[in-house]
Amino acid sequence: MSKKKGGKRLNKKMIAEMLQTFFQQNPNEVFSFKQIFKALKLDTHPAKMLAIDTMDEMTWDDYLTKTSDNSYRLNLKTQVQEGTFIRKSNGKNSFQPDDGGKPIFVSERNSMFALNGDRVRVAMMARRQNHIKEAMVVEVLSHKMDQAVGKLKVEKDFAFLVTEGNIFAQDILIPKKKLKGGKTGDKAVVKITQWPSKDSKNLVGEVIDVLGKEGDNNVEMHAILAQYGLPYKYPKAIEDAAEKIEPGITAEEIARREDFRDVWTCTIDPKDAKDFDDALSIRPAGKGLWEVGVHIADVSHYVKEGSVIDKEATKRATSVYLVDRTIPMLPERLCNFICSLRPDEEKLCYSVIVVLDDDANIKQGRIVHTVIKSNRRYAYEEVQDILMGESPTSEPAEYADSLKTLDRLAKKLREKRFKGGAVKFDREELHFDIDADGKPTRAYFKKSTDATQLIEEFMLLANKFVAESIGMKKKPKGNGQQQKAKTFVYRIHDQPDPTKLENLREFVVKFGYKLKTGGTKGAISKSLNSLMDGCQGKKEQKLIETVALRAMMKAKYSTHNIGHYGLAFEYYTHFTSPIRRYPDTMVHRLLTKYQDGGRSANQDKYEELCEHCSDMEVVAQQAERDSIKYKMVEFMVDKVGEVYDAHISGIQSYGIYCEIDENHCEGMVPMRDLDDDYYDFDERNYCLVGRRHHNKYQLGDPIRIKVARANMEKRQLDFALAED
């Protein structure tokens, strides 16, 4: 042992930690023994010798580099990396390296107050014996977010914003003159003006918008959007620009297009939809042949690249669908009026026209600019009634016959898709009926029907046809070289994670099912479909579907085509929803450019746009999920104390997620409430197992729960096991 100033005794472990902190705070500098001793205030011979021994060990460990003059510096080559910081509310933060390696643990004291999603530079800490690999943030390169949403708390001399979740490690201080009229209890959006540093650990900000009182429906929905950096109101300048767009269609424009105004055409959408961006037409094309038109709103005709409206749409990248509202990508005048394919109005479209035989084989097809006039706007429920033979007497027979023909062709397309190796995942979606005040009155699952599948199949056909028109290049005759495909935007979906797929195989064996994890892509997907079909209606159905979904990769946008595994398409894109997705607008522009003889577009530019759109899609989904959570808790807030039948929908080390059978609302039974035993989390088998009594809680098991708490502020439902 050696003494430090103040009488505190130093050991080797303490000196190692002091050295780590010192070098990590000075990653680019070289230090002599003398400089190190002075900086660490090591003024006794034993302490200095201990430091020298420790630095020699750190050199052997490749943590430090020793120079020729016996000086030391941090080994930047092996110890410093760049990547993304991931903050967790339980303090188990991590660093995700840019090279895609495994996440590395970062303790709170070594986080440098980095926020969730920040780009950081870290130094790897010297690994102690039997200790997990650990990193320390040495520099925050860029912040993902510069604003926060939360609840104001105003004191006599200062104010601060209390935030929920894991975004910030501390509350944000706000000078009282920067409150913008906000009061205690108000939800507000705050812009950060000062980040933590060596000199000050405080986060400081100023209020940029006071949303209103906590609990108000509009306030809570705006707070969810603001939390993810999503806009909750449209800039006036953009709306003014939209007002100046001329909606009329000139004779010259019609002359440049194929005219479908006299062909029977309809739109089929949810009953509350206003932005009708796709329509279907059908007419006979000879014996046993049908010409089907998939007509898509020609947004790019009105929204010019580089315009103020286009720049705003690029930034948003997607419409956001919360439970009770839509936050559109385009101004309302465009998405609900000028571009929307409303009935009995002439509209400009970009269309995929295909001739199908009675088995839905494509005999010929083309992609053309058109003008249409929709005969009828249908809700899905109306079409379903017609397909079930329950059409109202007022419905013209030819309309009903056209829908039935489209349905028959769609069923053929669907059948061929699954034979070709598409994966069957018909997941149910939770929906709410909402009253005039935004309060949920009913929770239910929305199931897929023939009407929704009809639209789905023709949209898939159009997207595939468009992608193939650019991506597929025929080999020239003779010895000519195959032409390189032009730059294009694809919707890609990689093969399942092999490790997760193997875990799924081992898991389903316990229920008597088999799954192929090797061989061709088609063989794996067909085996997955057999598994999905085999567990239909069984107790373990939801359990197996949940585990199988976790093995799937996420679809995204890219100019580098690898195909779409889930759909079993070699070429696939998004062409059919330009009102609500920016990639579809990009696709329309590229198609027009190439049809006009244009050269291949800049791939780097479009790849960057693809990455942005993929990122914004994820953010929008997170906001949508949070709005569902909020409405779920709001729906259950007056049901605290009530008992329900449920099933286990998720297992974590900290508790059991349960979904109520009656209304599909999900909450958690915390691990601390399972007090009859000590439970171990078996991650591979998705269950908790008691050490003494071997009682097991398994994903999918039926369970009886009582609603214990409904915390709307945290959007959290807590359940307890019912005594009966």
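Predicted model: local features only at pLDDT ≥ 70, side-chain atom pairs only at ≥ 80, totals over all residues.
1. Overall make-up. The protein has 724 residues, of which buried residues make up 48%. Its secondary structure comprises 18 helices and 35 strands. The C-alpha trace spans about 100 × 70 × 65 Å along its principal axes.

2. Contacts across the sequence. Contacts between residues at least 6 apart in sequence were examined for how far along the chain they reach; 64% of them join residues at least 24 apart. Several of the points below give individual cases of pairing between separated parts of the chain.

3. Helices H17 and H18. Two packed helices are described by the angle between their axes and the distance between the axes. Helix H17 covers residues 582-595 and helix H18 covers residues 603-636; their axes come within 10 Å and cross at roughly 155°. An angle over 145 degrees counts as roughly antiparallel, and H17 and H18 are therefore roughly antiparallel to each other. On the H17 side the contact involves Tyr582, Pro583, Met586 and Leu590, which meet Tyr606, Leu609, Cys610 and Cys613 of H18. By residue class, this contact of H17 with H18 holds eight nonpolar residues, no polar and no charged ones.

4. Helices H11 and H13. Helix H11 (residues 380-387) packs on helix H13 (residues 450-471) with the axes 8 Å apart and at an angle of about 105°. Angles of 65 to 115 degrees count as roughly perpendicular, so H11 and H13 are described as roughly perpendicular to each other. Tyr380, Val383, Gln384 and Leu387 of H11 meet Asp450, Ala451, Thr452, Leu454 and Ile455 of H13. The residues of this contact of H11 with H13 divide into six nonpolar, two polar and one charged.

5. Helix H15. How does the span of H15 stand beside the expected one, and which of its residues are buried? Helix H15 (residues 521-534) has 14 residues, and the distance from its first C-alpha to its last is 20 Å, close to the 20 Å expected at 1.5 Å a residue. Its buried residues are Ile524, Ser525, Ser527, Leu528, Asn529, Leu531 and Met532.

6. Arg414 in helix H12. Arg414 is located in helix H12. With a relative accessible area of 12%, Arg414 is buried, as the cut-off for that class is under 20%. Apart from neighbours within four places in sequence, Arg414 is in contact with Asp426, Gln453, Glu456 and Glu457.

7. Salt bridges between helix H12 and a loop. The count of salt bridges comes to 55. One of them joins Arg408 to Asp358, with the closest N and O atoms 3.5 Å apart. Arg408 lies in helix H12, while Asp358 lies in the loop between strand E21 (346-357) and strand E22 (362-373), so this pair ties together parts that are 50 residues apart in sequence. Arg408 is partly exposed at 34% relative accessibility, and Asp358 is partly exposed at 33%. Asp359 and Lys412 also meet through their side chains in a salt bridge (3.5 Å, N to O). Asp359 belongs to the loop between E21 and E22 and Lys412 to helix H12, so the pair ties together parts that are 53 residues apart in sequence. Asp359 counts as partly exposed at 42% relative accessibility, and Lys412 counts as partly exposed at 29%.

8. A salt bridge between buried residues. Are the partners Arg491 and Glu617 buried or exposed? Arg491 forms a salt bridge with Glu617, the closest N and O atoms being 2.8 Å apart. The pair links distant parts of the chain, since Arg491 is in strand E26 (residues 490-492) and Glu617 is in helix H18, 126 residues apart. Arg491 counts as buried at 8% relative accessibility, and Glu617 counts as buried at 16%.

Note on methods: Residues numbered from 1 in each chain as written. Heavy atoms only, no water. Axes fitted to C-alpha atoms, helices over the stretch in contact; angles between N-to-C directions. Helix = DSSP H or I, 4+ residues; strand = E, 2+ residues; numbered from the N terminus. Parallel < 35°, antiparallel > 145°, perpendicular 65-115°, else oblique. Contact = heavy atoms within 4.5 Å. Nonpolar A, V, L, I, M, F, W, Y, C, P; charged D, E, K, R; others polar. Expected span 1.5 Å × (residues − 1). Buried < 20%, exposed > 50% of the residue type's maximum accessible area, 1.4 Å probe, protein only. Salt bridge = Lys/Arg side-chain N within 4 Å of Asp/Glu carboxyl O.
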